[in-house]
Amino acid sequence: MAERSTAAVDVADNSGDEPLTAKADKATADGVAKAQDTAEKSAPDTGSEQRSTVPGIATPELHSGHKLARRYRLEECVTRLDGFSSWRAVDEKLRRAVGVHLLPADHPRARSVLAAARSAALLGDPRFVQVLDAVEENDLVYVVHEWLPDAVELTALLASGPMEAHDAYQLVSQVSQAMAAAHREGLAHLRLTPGAVLRTSTGQYRIRGLAVNAALRGIRADRPQRTDTEAIGALLYAALTQRWPYETDAYGLSGLPKGVGLIAPDQVRAGVHRGLSELAMRALINDGATASRQEPPCTTPDELAAAVAEMPRIRRPEPTFTAPPEYQRTTYQQGTYGRTQAGMGTAPTPPVTLPPPPLQGRTGKALKWTVAALLIAALGLGSWQVADRLLDGGNTGNDAPPTETTTGDGDKAAKPVKPLRIAGATEFMPSGAGIKPELVPNAIDGKPATSWITLQYRGYANFGNLPNRKDGSGIIVDLGSVQDVSGVDLDMYRAGHTAEVLAAGPDASAPTGLSDFPQRLTKLESVGKTLKRALDKPVRTRYVLIHITELPSDGSASLFRGGISEIKITG
């Protein structure tokens, strides 16, 4: 059951099946088709979303052990509802768990489900649970996607209580940025509920069911961006208060009191972060007005992500350490173990005699005077040496040429470094084919939250072992003119890249190949989340190449994806 609750299959979760502008229904996804059908029919349809129902369509009668395409073995039926079913399965070819949605090929929504799955697969954004396959075969349509056994649903996280301000900030920041990227590609979610948001063991939030969940249930919206924005606002509200921002209970959360309307989170629970409370209200209330500030409403995920970015960053609270208990000596350490006390059948403890004060007598006095004389002599010698050095310095201070400052060990003191202005950046494309050239500005915009991210490659870390990627990829930074480069400071998309930093010659113009970068700034090695190097000797160049030859894994031993979040060059 624990694996089921954290898996990437939840399209038929009915605990809050209505659009976020309407009331949520009361049913919960327990895998029983009859109860879910009843919940579907009893839920009112309001707001700008519409859901189509499919009467008389039978769910495909399959069983555990059935194989699709002689590859995907069905293991456990998670949901059976409205003519489709969702399964936990095993990809026997790659030996990994996957999720599968199944419905008959003659189902009225079969074509829209296939189209939605293929569109979501093309997005390739790691913040979403990835669609791996979408096939029509033998009178069946099925969609295969990732299964995340180590991830935890937001529903389970909220069951233990409201989130800390830092965790709620990370939730709304990551989810709003991800949905903004999806809407820029023309994709909407329309069922962004607590069951659709997962948190991995690394703290990253991932969204499942993009476009596919809505297509399976026939959900449409006149204003999809507004619908998804309000859904993110509801998630933030629930994270801050452990309450659902509507009158009906849903997703294991209690609704608001009936007849009082929408109450700001900081009025529902004491200690809620003021900025996050106002942000939730701006996403939830259509007119955008709050009691304390007249801020405009956030009607799109882009506007919500921008509002989050404008907030002061909320840092993780410092860990608290409890003081250890006061040390207590045991009777064994006190030397009374095995003894019996007087009056209680034990022998009395003998009195302790104190030793005489030290250095008493004629010898002690002589030793004291000797130590005092040595201290006076040492002070006099030190004063004489200081005065002699000051006099020597005064005699030569105006005649000697200026010298470099040295440290106590005789080494030259390092000159202060300063960041060099980056005039532009391009993707390193030795084969002429780019990966994501439009994302390159994200690596030099000063925002670590934005990144240049590669595509996902299968089988091999060296960009899928593709012939046109034998020289890898990366980013070429243009400093605008020839500069003295003394160091690099890189934030990688994730740890595990094999990378190096190279520089072109000072007379280079528009370098494109590896041979155009003969100067090595760092060696080729596996790097962590950051790569920071200070050079022993400055290198004169205009163009710097961050060269990546191998990518880190992307949630699986056979999938690889990487990128660069931020580039800084110092001189």
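Student: Where does asparagine 138 lie?

Tutor: Asparagine 138 lies in the loop between E6 and E7. Keep in mind that this is a predicted model.

Student: Why does asparagine 138 count as exposed?

Tutor: Its relative accessibility is 67%. Exposed means over 50%, so asparagine 138 counts as exposed.

Student: What makes the backbone of asparagine 138 worth a remark?

Tutor: Its phi is positive, about 50 degrees, although asparagine 138 is not a glycine. Most residues other than glycine have a negative phi. Alanine 510 is another non-glycine with a positive phi, about 55 degrees.

Student: Where is alanine 510 found, and is it buried or exposed?

Tutor: Alanine 510 is in the loop between E16 and strand E17 (519–520). Its relative accessible area is 54%. The cut-off for exposed is over 50%, so alanine 510 is exposed.

Student: Back to E6. Which sheet holds it, and in what order do the strands run?

Tutor: Six strands form an open sheet in the order E2-E3-E4-E5-E7-E6, with antiparallel pairing.

Student: Why are E2 and E6 said to stand at the edges?

Tutor: Strand E2 (67–68) and strand E6 (131–137) each have a single partner strand, so one side of each is left without a neighbour in the sheet.

Student: How do you know that E4 and E5 pair?

Tutor: Count the bridges. Pairing needs at least two. Strand E4 (residues 84–91) and strand E5 (residues 96–104) are joined by seven, in the antiparallel sense. Serine 86 stands opposite histidine 101 in E5.

Student: Which helix lies across E5, E6 and E7?

Tutor: Helix H3 (residues 110–123) lies across E5, E6 and strand E7 (140–146). H3 runs at about 150 degrees to E6.

Student: What about the sheet with E8, E9 and E10?

Tutor: These three strands form an open sheet in the order E8-E9-E10, and the pairing is antiparallel. Strand E8 (152–153) and strand E10 (205–207) have a single partner strand each, so they stand at the edges.

Student: What makes E9 and E10 a pair?

Tutor: Three bridges join strand E9 (residues 197–199) to E10. The requirement is at least two, so the two strands pair. Arginine 199 stands opposite tyrosine 205 in E10. Helix H5 (residues 165–184) lies across E9 and E10, at about 40 degrees to E10.

Student: How many aromatic pairs does a search of the whole structure find?

Tutor: The search finds four aromatic pairs.

Student: Why is the pair of tyrosine 72 and tyrosine 142 called edge-to-face?

Tutor: The ring centres are 6.5 Å apart and the planes stand at 70 degrees. Pairs need centres within 6.5 Å, and edge-to-face needs planes over 60 degrees apart. The values meet both conditions, so the pair is edge-to-face.

Student: What does that pair tie together?

Tutor: Tyrosine 72 lies in strand E3 (residues 72–81) and tyrosine 142 in strand E7, so the pair ties together parts that are 70 residues apart in sequence. Both tyrosines are buried.

Student: Why is the pair of tryptophan 244 and tyrosine 251 edge-to-face?

Tutor: The centres are 4.9 Å apart and the planes at 65 degrees. The angle cut-off is over 60, so this pair is edge-to-face. Tryptophan 244 and tyrosine 251 are buried. Ring pairs link Trp244, Tyr246 and Tyr251 into a cluster.

Student: Why does arginine 494 count as buried?

Tutor: Its relative accessibility is 17%. Buried means under 20%, so arginine 494 counts as buried. Its place is in the loop between strand E15 (473–492) and strand E16 (498–503).

Student: What makes the approach of arginine 494 to aspartate 554 a polar contact?

Tutor: Their side chains are joined at 3.2 Å, and the limit is within 3.5 Å. A polar atom of the arginine 494 side chain also lies 3.2 Å from the backbone oxygen of arginine 561.

Student: Are cysteine 77 and cysteine 298 buried or partly exposed?

Tutor: Cysteine 77 has 23% relative accessibility, so it counts as partly exposed. Cysteine 298 has 0%, so it counts as buried.

Technical notes. Residues are numbered from 1 along each chain as its sequence is written. This is a predicted model: local features need pLDDT of at least 70, side-chain atom pairs count only at pLDDT 80 or more; totals for chains, interfaces and linings use all residues. Side-chain values use heavy atoms; hydrogens and water are left out. Buried means under 20% relative accessible area, exposed over 50%, partly exposed in between (1.4 Å probe, protein chains only). Helices (H or I, at least four residues) and strands (E, at least two) are DSSP runs, numbered from the N terminus. Contact means heavy atoms within 4.5 Å. Axes are lines fitted to C-alpha atoms, for helices over the stretch in contact, and angles run from 0 to 180 degrees between N-to-C directions. A polar contact is a pair of N or O atoms within 3.5 Å; within protein, one must be able to donate a hydrogen and the other to accept it, and residues adjacent in sequence count only if both atoms are side-chain atoms. Rings of Phe, Tyr and Trp (its six-membered ring) pair if their centres lie within 6.5 Å; planes under 30 degrees apart count as stacked, over 60 as edge-to-face and the rest as tilted.
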